[in-house]
Amino acid sequence: MFQKNRKLKHNRQSSRMLLVGILALTCVVVLVLLRAIQRGKSQVGQESVSSPEKAKKHHRQGAVAQGGEETEAEEPGKGKEESVQAASPEPVEALSQEAIGRLAAGSVIDTSAMTAADIGRLFYSQEIPEEVFSRMDGVSYQENENIIPEDLRYLRLLHVGFDGQTHIGELIVNSRISAEILAIFRELYAKAYPIEKMLLIDEYQADDSLSMADNNSSAFNYRVIAGTDRLSKHSLGMAVDINPKYNPYIRTGEEGETVIEPEGSEAYIDRTADFKYKIDETDLAYQLFTRYGFAWGGDWKTLKDYQHFEKEE
């Protein structure tokens, strides 16, 4: 009997010790879990604070777009061009400069996170890349004795569209005026001057009528002057047309009739009327191009070409 009581007492003590051990282990597990939760919250808080800074740094450190070999033109009577300012378009998509360089002309981009220097690097000139010349060969460019591809330059730039947003533009011009054209369009962009489209005329099969009717601003196109057998200044890359639908080409036809190009621009032949996108002596494009020594087709006597700016060789 005594041995049975002693054995029962021993079993009870063992049970108590086991219970105490389980409780101690449970406490340890709970403490470990609580510390892990607190540590996780601390890390999340730190990340939420640093992420905006990292995002800003990412935008500022976007890869630089490909630059050209042309030097920046000096404005007549002034020093170097001032840094261009963004037009503050409606945000579309934030991209690095390297990514922007791969976008097709006409694409809309967001420049709100860019500095003036970043934007300036998106205006550049280079020899015509092979992929660009493949679009031109046999279309806007024809083999001839007057100009070779090496005399021309491919320009990438920005312009503010009629929608108020920043668009990528492209032009082909003569190497002799490429720096001046870049300087002019940098200032036009800085002042939010509206230009609806700026695509190579090859997008219209080098058909000037189609390009003008779509209000596309363009430069090089190896062709003759409409209504004549003489080469246009566009054939040498020495002329630029701006917003042609609102600034038509007007001449007298062979039978004395008035010819207006493009079709659909009849409402804009009265240059005393007040309407948007009209180029006249008070217009910024007129002031900039003439400041750099370009002649304006609106000043001509025998015909009028209000969209047209050209420079002598």
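Leaving aside neighbours within four places in sequence, which residues is Leu-188 in contact with? Tyr-193, Ile-195, Leu-284, Ala-285 and Leu-288. Keep that list in mind. One caution before I go on: this is a predicted model.

Let's start with the core. The largest nonpolar core has 52 residues. Leu-188 is among those with the most contacts inside it, along with Leu-171, Ile-172, Ile-181, Phe-185, Ile-242 and Phe-289. Which elements give two or more residues to this core? Helix 4 (130–136), strand 3 (152–160), strand 4 (166–174), helix 5 (178–190) and helix 7 (284–291). The largest share comes from helix 5, with 7 residues.

Now helix 7. Leu-284, Ala-285 and Leu-288 were on the Leu-188 contact list. An α-helix has 3.6 residues a turn, so residues three or four places apart point the same way.

Look at the ends of helix 7. Asp-283 caps the N-terminal end. A side-chain oxygen of Asp-283 lies 3.0 Å from the backbone nitrogen of Ala-285. After the helix comes Gly-293, with a positive phi near 90 degrees.

Step back to the loop between strand 7 (258–261) and helix 7. That is where Ile-279 is found. Why does Ile-279 count as buried? Because its relative accessibility is 0%, and buried means under 20%. Its contacts, beyond four places in sequence, are Tyr-193, Ile-242, Asn-247, Arg-271, Tyr-286, Trp-296, Tyr-306, Gln-307 and Phe-309. Tyr-193 is a contact of Leu-188 as well. Take Gln-307 from the Ile-279 list. Ile-279 and Gln-307 are 28 residues apart in sequence, yet 7.2 Å apart in space, C-alpha to C-alpha.

Next, two histidines. His-308 is found in strand 10. Are they buried or exposed? His-234 is buried, with a relative accessible area of 2%. His-308 is buried too, at 4%. Their side chains make a polar contact with each other, at 3.3 Å. The side chain of His-234 also reaches the backbone oxygen of Ala-239, at 3.5 Å.

Now their surroundings, again not counting residues up to four places away in sequence. His-234 touches Ser-218, Ala-219, Phe-220, Asn-221, Arg-223, Ala-239, Val-240, Asp-241 and His-308. His-308 touches His-234, Ala-239, Val-240, Asp-241, Ala-295, Trp-296, Gly-297 and Trp-300.

His-308 takes us to the pocket. The largest pocket has a volume of about 380 Å³. How many residues line it, and which lie nearest its centre? There are 22 in the lining, and Ile-225, Ser-232, Trp-300, His-308 and Glu-310 lie nearest the centre. Helix 6 (208–213) and strand 10 (308–310) each supply at least two lining residues. By type, the lining divides into 8 nonpolar, 5 polar and 9 charged residues.

To close, follow strand 10. Strand 10 holds His-308. And strand 10 supplies at least two residues of the pocket lining.

Technical notes. Residues are numbered from 1 along each chain as its sequence is written. This is a predicted model: local features need pLDDT of at least 70, side-chain atom pairs count only at pLDDT 80 or more; totals for chains, interfaces and linings use all residues. Side-chain values use heavy atoms; hydrogens and water are left out. A nonpolar core is a set of buried Ala, Val, Leu, Ile, Met, Phe, Trp, Tyr and Cys residues joined through side-chain atoms within 4.5 Å. Buried means under 20% relative accessible area, exposed over 50%, partly exposed in between (1.4 Å probe, protein chains only). Helices (H or I, at least four residues) and strands (E, at least two) are DSSP runs, numbered from the N terminus. Contact means heavy atoms within 4.5 Å. On a 1 Å grid over the protein atoms alone, a cavity is a set of points where a 1.4 Å probe fits but cannot get out, and a pocket is an open set with protein on both sides within 12 Å along at least five of seven lines; lining residues have an atom within 4 Å of a point. Grid points are joined across faces, edges and corners, and a volume is the space filled by probe spheres set on the points. Ala, Val, Leu, Ile, Met, Phe, Trp, Tyr, Cys and Pro count as nonpolar, Asp, Glu, Lys and Arg as charged, and the others, Gly among them, as polar. A polar contact is a pair of N or O atoms within 3.5 Å; within protein, one must be able to donate a hydrogen and the other to accept it, and residues adjacent in sequence count only if both atoms are side-chain atoms.
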